[in-house]
Amino acid sequence: ITDEEQTQTPTPTQPQDVTLFGSSLYSGVACTSNIAKFTCMASIRVPDDDKDEDDDIDEGDRAPVLVVAVVDKSGSMAGAKLKSLKETLLFIIKELGKKDKLAIVEYDTNVKTTLPVTLMNEAGKQQADSVVQALKSGSATNLSGGLMEGLRLIPNEIGNETVVSTLLLTDGLANHGIRTANGIVAMIRKAQSQGIGRCTVNTFGFGSDHDAAMLKEIAQAAEGMYYYIENEDSIASAFADCIGGLLSVRAQGIELEINTAPDIVLGEVFTCKPLTVVTEGRKVRIALGDLQNGEERDITFEVNLPSGNSTDSQSIANIQLSFFDMLKNDMRDLNCNLTIARPTEPTAEQSAPNLLVDRNCNRIKGSNALAEALKLGDKNQLAQAREILERVISEIKQSPSSGEEFCVTLLQELQTSLNGMQDRRQYQNFGKYQMNNMCHVMAEQRCASSASAPQAQMPSSYAGNRFSDDQQESLAFASLSAVPAPAPQPMMSKPMFATKNRARMKKKCAKR
């Protein structure tokens, strides 16, 4: 899709193009119908790179990154965990290029910057390697102090052309400094409002003693992801997944604007991202953070669809997207119109549900159900929590898109969550960590997997949502052509929303 306004079917695009389109649950609705909550959706697609997963990506084909590693070296990290962490940091150092920068902050009771922001040329890598090799376990867990020190290291003058992220690892509860999620989130927001530490924060919780809810809240507040690391063998895979994403950021500072037509009232907008109401019932602006190669964002929203005269094309909303393009090193704007048909009698095709919209409704249902179940689980109300998960599993199974690969995987993850709530011990040792991670992944539409490289290849699925040429040509803004839902697929090992560079980095990490 070009930068000019689009009103009809989008034309095929070049592989490097970021695309924007709108769709609705039905492409046609009888003109006599008045629907209080008609589901629509704004969608963004960033194509994956065209190289094989075993190929290296040229440093000139991506934006430079600045990574601040804030690592827990408390006494509980001694032994195999610290050994695995060191190996992982050495892998990250090796993968960073000459344009990239790294800093390392160590924390236990005390906080120390052992590597200031350093360019990863040959000399810088040697210095970083020495710092990692000298890493030793210590005492308590001053998580807030370590994180704040990491944020302070980020230069205030850094621009949009660099991807900046802080990676925060802990294996325990914060027992020194600020100890609550609300307190640490307030600390981050205050610092960033003052121009300190403007970056994403990705959090990594190791084992069954860390505060999953706190780490998820920290990551959400700073546009990052929460990773659950079950054992020391997963540390490297989790960091590789995250680094693979950071090394493939295509767009930053993304803002999506939805502006409904004069006779259309905008209802609920389903997003976990910061939302600003520009005009009540008409216009909202959503800050979407960044997008990486192979990723997509789908924002569903409801409108009040009034009855009216018969027409082939009724305007529902204008959708605008602005972002900083890391490849073109410039701001870009995209624009599209969402329309539907309002015939006297809709055709069978117009009445068929749009499976793309339907499966995103299922994604949101799943994420919301997990969030609600987590609240009940933390109150030891496991029976009520299981009822919520059982109900949403049943609803998704009965939906039009239930047989699609994405929904099959979604149902498998929800079943895993349900299994993790069978008793208090299972919930405390596993369930709450898996559920916090998966709730975050579904809401953000971003991979955060600590699993190693897939055991078997999975067919192309929702994670990339790659359409064939024929499908691309037939994709209308108002609707995708509905097709019968395929039969459920066998168990798939590919993580939700996985991208090529994440898989590439995991493979390289496993080989190392």
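## Disulfides and two cysteines

A disulfide is a pair of cysteine sulfur atoms within 2.5 Å. With that in mind, a search of this whole structure, which is a predicted model, turns up zero disulfides.

Are C336 and C361 buried or exposed? C336 is buried, with a relative accessible area of 0%. C361 has a relative accessible area of 19%, and because buried means under 20%, C361 counts as buried too.

## The nonpolar cores

The largest nonpolar core has 73 residues, and L102 and F204 make the most contacts inside it. Which helix gives the most to this core? That is helix α6, residues 235–246, with eight residues.

Leaving aside residues up to four places away in sequence, L102 touches V67, I93, L96, L115, P116, V117, T118, M120 and A128.

## How confident is the model?

Across the protein chain the mean pLDDT is 87, and 89% of the residues reach 70 or more. Confidence is highest in helix α9 (residues 382–397), at a mean of 98. Helix α12 (residues 469–474) has the lowest, at a mean of 34.

Two stretches call for some care. Residues 1–15 stay under 50 in pLDDT, and the model has 35 contacts beyond four places in sequence for them. Residues 454–492 also stay under 50, with 89 such contacts in the model. Where pLDDT is low, the predicted coordinates should not be read in detail.

Methods. Residues are numbered from 1 along each chain as its sequence is written. This is a predicted model: local features need pLDDT of at least 70, side-chain atom pairs count only at pLDDT 80 or more; totals for chains, interfaces and linings use all residues. Side-chain values use heavy atoms; hydrogens and water are left out. A nonpolar core is a set of buried Ala, Val, Leu, Ile, Met, Phe, Trp, Tyr and Cys residues joined through side-chain atoms within 4.5 Å. Buried means under 20% relative accessible area, exposed over 50%, partly exposed in between (1.4 Å probe, protein chains only). Helices (H or I, at least four residues) and strands (E, at least two) are DSSP runs, numbered from the N terminus. Contact means heavy atoms within 4.5 Å. pLDDT is the predictor's confidence in each residue, from 0 to 100.
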